Amino acid sequence: MKKQGRIAATKPDSKAVPSGLRSRAKEARANDTSFAQGAAPERALKKSSAARPLPRNAAHDPELRVRSAMDHMLEGCQLLDHDWRYLYINAAAEAQNRRPSSELLGRRYVEMWPGIEATEVFALIGRVLRDRVASQMENEFAFPDGTLGWFDLRIEPVPEGVLILSVDITTRKHAEIALRRTHEQLHEAQRAAHVGTWEWDTVNNAIVGSDEFVRLFDCTPAEIASLKLWSARIHPDERERVEQELADAVERGRPYDTDYRVRLRDGGWRTLSARGALFTDERGKPTRMVGTCIDVTERRKNEARLGASEARSRATLESIGEGVISIDAAGKVEMMNSMAEKLTGWTQDEARDRPHGEVLRVVREDTRAHAESPVSQVLRAGEVVGFASLILVARDGREHPVAFSGAPIREVGGRIAGVVLVIRDESRDRLIQETLRRSEERFRLVFENASLGRSITYPNGDVHPNRAFGEMLGYTAEEITGVRWDDLTHPDDVAATRRQLDAMLAGTLSSARFEKRYIHRNGRTVWTEVNTTLQRDPQGLPAFFISSVEDIGERRRTLTALQESERKYRSLFERMLNGFAYCKMLYDGDVAADFTYLDVNDAFSSLTGLKDVVGRRVSEVIPGIRESDPELFAIYGRVARTGVPETVEILVEALSMWFSISVYCPQPEHFVAVFDVITERKRVESELRTLNAELEQRVHDRTEQLEASNHELEAFSYSVSHDLRAPLRAIDGFTRILVDEVGPRLGDEEQRICGIIRENTGRMGRLIDDLLAFSRLSRAELQPSRIEMRVMADSVFRELLVTPEELARIDFRVGELPAAVGDPSLMRQVWSNLLSNAIKFSSKREGAVIEVTAAQVDGETVYSVRDNGAGFDMRYADKLFGVFQRLHSTKEFEGTGVGLALVQRIVRRHGGRVWAHGEVGSGATFSFALQQPEA
């Protein structure tokens with residue numbers, strides 16, 4: 001009970017120890033004890049009478065004047081003797097006690113307030129009685145009806161005992177509690193939202209920021225205490241723009257909203273989003289700008305969390321004091337206490353015997369017109385009068401908003417002997433009200449204009465959102481104000497959210513951060529991250545939840561894509577056949593000295609045979625590699641330093657293995673090596689080089705043999721041309737002589753035999769000519785040029801038909817034939833053989849048709865000669881282009897069987913191909929394809 005310091009008013013015979021006077025003692029040795037120790041109070045209080053009548057000469061009796069002043073003080077006044085008995089209680093103290101003075105006067109203090117012995121106020125009164133040293137404290141009092149009252153007590157020693165002066169400060173305490181509650185709400189709101197707040201005094205160029213604001217700048221408050229220091233921390237590329245935006249906001253009176261980067265202690269940069277609102281005086285001149293800033297660096301990288309904390313220092317309100325002035329019937333000042341001296345700017349000695357109007361200069365607050373003196377009104381009305389909303393102009397010109405309470409001092413018989421005037425300075429109350437208003441204004445500004453979604457949710461479920469939260473769900477803030485939170489939440493997340501809220505209501509959690517889904521106005525799901533804190537009232541009961549809500553839909557999509565990409569990468573990484581090594585290069589000065597394996601895949605181990613290398617240096621895994629393979633270190637070090645990728649095939653002496661390596665740099669001083677072991681390939685290449693050398697020697701030897709064979713073939717051709725033709729000429733010549741000279745004497749059979757001999761010798765000569773031509777094709781050098789194929793085909797056809805009858809019998813058709821590049825003489829031989837075949841094999845048809853066409857297919861030009869002659873059986877098509885291969889007898893169609901073989905060899909020498917299609921009795925089509933000439 002002693003620590004409680006609160007005493008409840010109870011009946012005197014109550015045995016229970018009350019809650020007591022809760023005293024938050026602010027003891028101090030009184031500097032001004034003149035009122036208690038002066039002669040006037042001592043004389044006035046020698047006799048314990050609360051209503052002693054004044055003698056007729058009271059107007060000139062200082063004791064009576066003091067007594068009258070104390071009776072009418074707004075400040076409570078009580079006098080206890082050394083036995084703790086009440087000797088005096090003025091009207092103000094009687095109202096504060098809420099008990100008539102008649103119940104207390106003459107009774108002991110402890111008797112009237114049971115349990116008072118356990119309180120600090122009792123101990124303090126005891127010390128003043130014992131030590132005779134004035135003290136002061138604030139005391140909270142519990143009245144019988146359950147209400148509380150706060151009082152400022154000044155306890156001073158007087159000869160009779162102690163004088164207790166009390167001022168009712170309940171209104172001020174309630175204002176302080178409301179101010180503190182608003183401050184806590186603002187602080188918690190900023191802390192929950194991770195928002196830094198700042199204020200720029202445009203007149204004095206001073207910047208004051210919250211703890212979170214200073215943390216965001218990664219500096220001390222002094223390092224950003226002015227606009228110049230703040231600007232110096234902004235990124236040079238953005239400084240001019242941000243300064244111009246700030247100047248425009250001040251000049252044009254519009255909101256300030258921008259992003260910029262600030263330099264951190266470690267040399268890095270942090271991106272902040274700042275908003276501000278400008279405030280002006282009554283003349284429209286800018287006085288300050290208040291705003292917020294948040295860290296948006298992590299949110300723009302897909303993984304973000306914002307936080308804020310604001311701690312605004314507030315001036316502690318001074319205790320409310322009252323000035324007391326005693327004025328005589330002539331209107332002159334007689335006495336002033338220290339508070340009155342402070343308010344008026346006059347000392348008691350200076351003001352004594354001066355007209356009160358000279359000391360008390362009062363004007364009306366609303367009109368600034370001179371106000372009638374409260375003293376004059378009291379003297380005229382003859383009763384207690386109260387005045388409010390007045391301005392007291394001090395001697396030095398300072399103004400104080402005050403409230404007056406004046407009461408007449410009457411002599412015996414009722415004549416007014418003077419006036420006691422009590423002055424209450426309302427500056428502190430107005431300061432509290434203004435500070436409270438500004439605090440609420442800042443809270444609304446931060447809450448409503450925050451770029452992050454914010455909401456206040458009451459225990460009944462109603463939601464009060466800010467603009468950003470409403471926009472997140474497709475509504476205006478007004479449309480969902482008062483809507484229950486579970487009506488906005490995805491049904492599957494209602495139970496989980498309620499568990500979090502219930503845990504905070506139960507006190508097991510002070511705050512919670514969790515992901516949840518909301519339902520957008522258009523029906524889609526909105527993924528968010530919610531940071532919620534429960535605020536409680538002074539009695540500890542739940543007041544409301546304040547939450548910051550961030551839309552993380554894009555972040556979740558990015559994270560999902562990143563996880564999928566990582567999964568694919570890891571799968572590829574582990575399954576790739578090539579070895580993979582991610583390493584950090586270690587330098588000795590500018591020289592690559594060693595490197596550490598950061599990650600490898602399975603193929604690395606299977607290809608190299610090296611195990612458990614991650615986290616180890618290569619010098620540990622392969623001792624001596626730097627000395628045995630300096631070139632490898634040089635390549636890795638160069639790529640890690642310059643970032644320029646390189647590809648190399650190299651023999652690693654330390655492993656006795658050949659590698660094909662692609663090296664690139666993912667970040668400074670790191671490199672990735674993707675490699676394959678090519679030791680077997682190098683062995684095969686070595687063997688191939690040996691085989692190639694042997695093959696080149698064989699080709700050389702075979703070439704010499706072929707040249708010798710060609711010489712022999714040329715000799716054979718000459719022999720065939722010379723030695724075989726001579727007997728044929730002799731046989732043909734003697735047979736012709738025999739027929740010419742003895743023909744008439746020969747019978748028919750003998751003449752027929754001679755004709756057969758001459759026919760076969762001619763056929764044998766033609767066969768030798770064709771064979772020689774066929775053999776020369778492989779040795780003759782091509783002389784390519786542009787050939788107009790249509791002109792050549794038509795010309796060859798006309799040369800082959802020498803009689804008008806044959807021209808009339810054959811319907812010869814030539815389509816558009818694209819030009820070709822080739823040897824004209826050889827290509828003419830191709831047309832001659834194909835057209836002569838068509839003429840020959842269609843010779844037995846009266847209505848013969850020979851058609852020449854062309855088509856361009858897949859980069860080739862296909863030329864075709866079609867006839868409607870005898871045709872052939874496709875089963876024997878593969879024999880058509882062989883030497884001496886015939887599908888018809890010489891009795892049916894003459895020929896040597898070499899013409900189509902010549903066609904095939906010529907076309908192949910031109911890089912083309914030849915084929916045929918036929919049907920017995922329906923004709924045949926012979927085609928050859930050549931590459932299209934370049935444009």
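Is Asp257 buried, partly exposed or exposed? Asp257 counts as partly exposed, at 48% relative accessibility, where buried means under 20% relative accessible area, exposed over 50% and partly exposed in between, computed with a 1.4 Å probe on protein chains only.

## Basis of the model

This is a predicted model, in which local features need pLDDT of at least 70 and side-chain atom pairs count only at pLDDT 80 or more, while totals for chains, interfaces and linings use all residues. Residues are numbered from 1 along each chain as its sequence is written, and side-chain values use heavy atoms, with hydrogens and water left out.

## Salt bridges between strands

The structure holds 40 salt bridges, a salt bridge being a side-chain nitrogen of Lys or Arg within 4 Å of a carboxyl oxygen of Asp or Glu. One of them joins Arg275 to Asp257, with the closest N and O atoms 3.3 Å apart. Because Arg275 lies in strand β10 (residues 269–280) and Asp257 in strand β9 (residues 256–263), the pair ties together parts that are 18 residues apart in sequence; helices (H or I, at least four residues) and strands (E, at least two) are DSSP runs, numbered from the N terminus. Arg275 is partly exposed, with a relative accessible area of 23%.

Glu860 and Arg913 also meet through their side chains in a salt bridge, at 2.9 Å from N to O. This pair links distant parts of the chain, Glu860 being in strand β32 (residues 860–867) and Arg913 in strand β33 (residues 913–919), 53 residues apart. Glu860 is buried, at a relative accessible area of 15%, whereas Arg913 counts as partly exposed at 42%.

## A salt-bridge network

Arg681 forms a salt bridge with Glu649, the closest N and O atoms lying 2.5 Å apart. Arg681 belongs to helix α26 (residues 679–742) and Glu649 to strand β25 (residues 646–652), so that distant parts of the chain, 32 residues apart, are linked. Both count as partly exposed, Arg681 at 34% relative accessibility and Glu649 at 38%. A network of salt bridges links Glu649, Arg681, Lys682 and Glu685.

## Packing of α30 and α31

Helix α30 (residues 824–841) packs with helix α31 (residues 899–909) at an angle of about 145°, their axes being 9 Å apart; axes are lines fitted to C-alpha atoms, for helices over the stretch in contact, and angles run from 0 to 180 degrees between N-to-C directions. The contact (heavy atoms within 4.5 Å) includes Leu826 and Val830 of α30 and Leu902 and Ile906 of α31.
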